Amino acid sequence: MFEGIIKFFTTGKDRPLMSGDQSQIAAAFNKLRWQVFTSITLGYALFYVLRLNFSVIKKPLMAAGVLNAQQLGIMGSVFFITYGIGKFTNSFLADRMNIKRFFALGLFLSSIITVIMGFCNEYLPLVVLWGINGWFQSFGAGPCIVALNQWFSNKERGTYYGIWFTSHNLGAAFTYMATAALVGAYSWRAGFIMPGIVCAVGSIFIYFFMSDRPETRGLPNVADFKNDHAAIVEKDKSVGSLQWEVVKRPAVWILGLSSCFCYIARYAIESWGIIYLTEAKGYTTMGASGVLSIMQFAGIFGALTCGLVSDKFFNHKRNLPCLIYGALYAAAIAAFVWAPANRWIDLSSMAVYGFTMGALVCYLGGLMAVDICPKRATGAAMGMIGLLSYGGAAAQEAISGYLINSHMTIVNGKKIYDFTLAADFWVASAVISMILAACVWNAKVKD
């Protein structure tokens, strides 16, 4: 049975090249690769629907007395620990997996866990289920990056990576508004159950629409199809040896640490932004969700343009645009948490934050590491970055939850939360991320 499961998830054998002239092969290749691209873009958006719905549900859970801020922080930390470990291991596995089956299964199981959470109202089962959800969520990114590298050539990578990366903004923007509406109309339980059902259906469509590697469909690899070969291709090295080279490379670790601090600031805003706006600036839950949804739409443009900008105007280099985006990212977070309550300041800061976050997570969260690592070890590069990134996100949840809860006071029977130290922590993390990214300015590709 175990061998059968392994065989099911292992990438298939290469089929003989399909017969026909070049135009027929090109038509088949292009049709399948757009199906793959559509599947990973919409599918990854659904993964984020099942991840960020919890950010909207936090406030109602606190108001109902089900959980407090520190418990919510621990839940978020557990999620990111299991997600980070899972992303590390599963991204390594994705280099060898049938990416279609792996991706669709992760989304389906995450959907089921989310639905079950809607029927729980106690801390222990909620934290356990949320941790399990983090593991299944880790089935998403690795297969997507491997799919991009299997179906799109080196010269296309930056542009299509940026387009694909808008999927998390689309999913986040949708869940902020839709989950807020569901919770407002029904209860916090609906914020778990309904997104879970929708995403389960989506996972089934993806399973039948997506494909594994081109070679398993009798098609040439993308380097041959596009005549876009890397300058050096070490075909004599195994995937395992190339993955070990990724693990040993200092530049990958530095990029991972930079991404770690970027993710601290990112998930501070995405996880606690609604609570911050409602508690510190007097917004309603729906109003706060509207402000945060702006950052996700802005993030779409940031992700869409960052790869194109670096490919077209910086000769495929990401260092200078990364520095520019990093400075604006830190400034936007500072304006959001340090400026007095003002809707236009909040909207403007979130627009800048979203735009730069979309670019930085694209760069630091994978693209810069992929650029300097062997193509056949793409999953390993993503795994390394993911482990460090979500280690930072996990630490952020626990630290932010503690800082917010420990400075809570009760005035006339009402709990008042102080975000001062938490806000300072968020801004400092963004600044450190920018400094670390500058330390790998001259890193080069090693095949």
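**Aromatic pairs and charges**

Mentor: Tyr263 and Tyr390 are both buried (under 20% relative accessible area; exposed is over 50%, partly exposed in between; 1.4 Å probe, protein chains only). This is a predicted model: local features need pLDDT of at least 70, side-chain atom pairs count only at pLDDT 80 or more, and totals for chains, interfaces and linings use all residues. Residues are numbered from 1 along each chain as its sequence is written, and side-chain values use heavy atoms, with hydrogens and water left out.

Trainee: How many aromatic pairs are there?
Mentor: The count comes to 31. Rings of Phe, Tyr and Trp (its six-membered ring) pair if their centres lie within 6.5 Å; planes under 30 degrees apart are stacked, over 60 edge-to-face, the rest tilted. Phe47 and Phe103 form a tilted pair, 5.4 Å centre to centre, with 45° between the planes.

Trainee: Where do Phe47 and Phe103 lie in the chain?
Mentor: Phe47 is in helix H2 (residues 22-63) and Phe103 in helix H4 (residues 99-117), 56 residues apart. Helices here are DSSP runs (H or I, at least four residues), numbered from the N terminus.

Trainee: Is Phe47 buried or exposed?
Mentor: Phe47 counts as buried, because its relative accessibility is 0%.

Trainee: New topic. Which ring has the charged end of Arg51 over it?
Mentor: That of Tyr48, with the charged end 4.1 Å from the ring centre. The rule: NZ of Lys or CZ of Arg within 6 Å of the ring centre and within 35 degrees of the ring normal. Lys281 lies over the face of Phe336, at 5.4 Å from the ring centre.

Key:
Helices (H or I, at least four residues) and strands (E, at least two) are DSSP runs, numbered from the N terminus.
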